[in-house]
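Me: Could you walk me through how to read a few features in this structure? I'd like the general idea each time, then the case at hand.

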Amino acid sequence: MLVVYLSFRSEIGTPLLEGATKILLLGAGELGKEIAIEAQRLGVEVVTVDRYDMPPASHVAHRHYTINMLDGKALKTIVKREKPDAVIPEIEAINTDALLELEEEGFFIVPNARAVKITMDRILLRKLAAEEAGAPTSKYMFAEDLEELEDCCEKIGYPCLVKAQMSSGGLGSSVVTSREMVKTAYEKALKEARGFSRQLIVEQLINFDVEVTMLTLAHIGLDGNITVTPLEPVGHVRSTGHYHVSWQPLFDIDPNTGYAKSPFEGYGGPMHLMEDPPQDKLRWKSSWNGRKIDAERAKTIKEMLSDVAKRVVTKLLETKEGLKGLGIFGCEIFVKLGDEGEKPQVFFNEVSPRPHDTGMVTLVTQDQSEMALHVRAVLRLPIPEVKVLTCGASHVILAKVGGAWAPRYGGVSEALKIPGVQLRLFGKPVTYVDRRMGIALAIADSINEARSKAMRAAHVVEGAINYG
């Protein structure tokens, strides 16, 4: 049986009773928690699954299961018992072959099982994006063993990136600056990869000005067809491969002047260095730092970003019968702003078939957060428009001590004295070093003011965590 969803939902049932509308979350972290909250607001029954007890989303769910989600038999057993209206993967460490089998049996896997499988596999994803969707990417090559990897690194040129085929969040990835580093990068990729593949991808290192997430929504349009809609770009800063800071809109253009309100603060800029002090020497700094982006360049960049995101997401949803899949995607794209007289450049990097951690800023910037949009799309509800209401930023709150159970958070009152600041403390039961325990969110009249507020609030709480 194939899932049919080319019509708006006619009704929503009552949780825990016959006829309930039910979702099952595979992964119950902080993004899953916000998805669960949005589903609960619409009267949807929520079931969560994760590899450990007491994850954030389980706190607001009707039921929770603790299993290894790489165990396909365990995964299928729970899905078949619960019989949800939608199975929503929230993390990458899931047995994707089991999802394919469940989809063939008629279960609705969000956005679709093929997209989940491809986006977890860097090699399949790069082929789809560059060779099928025609998206611009950095130079790349694939390697099967150490000898091939050394050859690929020499051909791509140093510095380059070596990544595991099956991985995410920076795991299994290394920046390689010389042939002597290749063996170490090879061993790291194999050790940290998800699954059992021994293939690797080598990529050219792009000296970007800023990293961007294009949240892209696949939903039923008002005409009854699946529509792919890129949203307002989200700028972000990563630290050791993980999200650290994000902001929306990407550029806060003042219509009265035709220029951004905030001087650009991209890679290597003063704010970047305060938000995320580098552990090693920076490899480059954006030449645009301290300058103001004009409206025309900002418009061109947004159009280029939207085009790339729409092409890749559309290709992920393509079937012989037409587009198949619903929900939000987070497309990661590198941006080079270009010098005076030069056209900007964008380079597709990766895409997640789910709400993106950098997109948590939409909790305060948009009229509907990325999690709210994900739930509405998955439930086949109308989404006539999405508005950005204000400038906003988010900044992570990280644990600095490992192995602490039941941490207590100080500094909350001090952080909330800052106008426009909100906190999300995730309620994770135990810490490890640099584990994301919460975020600070801030709104302001300009991007840089919002980033500054979020950073101050996050650092206040982060420095006052009581580890017991």
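**Reading charges, rings and burial**

Reply: Let's start with Asp 145, which sits in the loop between strand S5 (140-143) and helix H6 (146-156). Helices (H or I, at least four residues) and strands (E, at least two) are DSSP runs, numbered from the N terminus. Keep in mind that this is a predicted model, where local features need pLDDT of at least 70 and side-chain atom pairs count only at pLDDT 80 or more, while totals for chains, interfaces and linings use all residues. Residues are numbered from 1 along each chain as its sequence is written, and side-chain values use heavy atoms, with hydrogens and water left out.

Me: Is Asp 145 buried, partly exposed or exposed, and what is its relative accessible area?

Reply: Buried means under 20% relative accessible area, exposed means over 50%, and partly exposed is in between (1.4 Å probe, protein chains only). Asp 145 has 33%, so it counts as partly exposed.

Me: Which residues form the negative surface patch?

Reply: Patches take residues with over 30% relative accessible area and no salt bridge, joining like charges within 9 Å and nonpolar side chains (Val, Leu, Ile, Met, Phe, Trp, Tyr) within 5 Å. The areas come from the Shrake-Rupley method with a 1.4 Å probe, and for residues only the protein chains shown count as cover. Lys and Arg count as positive, Asp and Glu as negative, and His and the chain ends are not counted. A charge is placed at NZ of Lys, CZ of Arg, CG of Asp or CD of Glu. Here Glu 144, Asp 145, Glu 147 and Glu 148 make up a negative patch.

Me: How many salt bridges are there?

Reply: Side chains of opposite charge can pair when their charged atoms come close. The rule asks for a side-chain nitrogen of Lys or Arg within 4 Å of a carboxyl oxygen of Asp or Glu. That gives 31 salt bridges. One of them pairs Lys 163 with Glu 203, with the closest N and O atoms 3.1 Å apart. This pair links distant parts of the chain: Lys 163 is in strand S6 (residues 160-164) and Glu 203 in strand S8 (residues 200-204), 40 residues apart. Lys 163 is buried at 6%, and Glu 203 is buried at 4%.

Me: What separates Asp 307 and Arg 311 in helix H9?

Reply: They are 4 residues apart in helix H9, so about one helical turn lies between them. Asp 307 is partly exposed at 37%, as is Arg 311 at 32%. Elsewhere, salt bridges with shared partners tie Arg 122, Arg 126, Lys 163, Glu 203 and Glu 350 into one network.

Me: And how many aromatic pairs are there?

Reply: Rings of Phe, Tyr and Trp (its six-membered ring) pair if their centres lie within 6.5 Å; planes under 30 degrees apart are stacked, over 60 edge-to-face, and the rest tilted. The count comes to 6 aromatic pairs. Tyr 140 and Phe 142 form a tilted one, 5.6 Å centre to centre with 45° between the planes. Tyr 140 is partly exposed at 21%, and Phe 142 is partly exposed at 23%. Ring pairs also link Phe 208, Tyr 267, Trp 284 and Phe 334 into a cluster.
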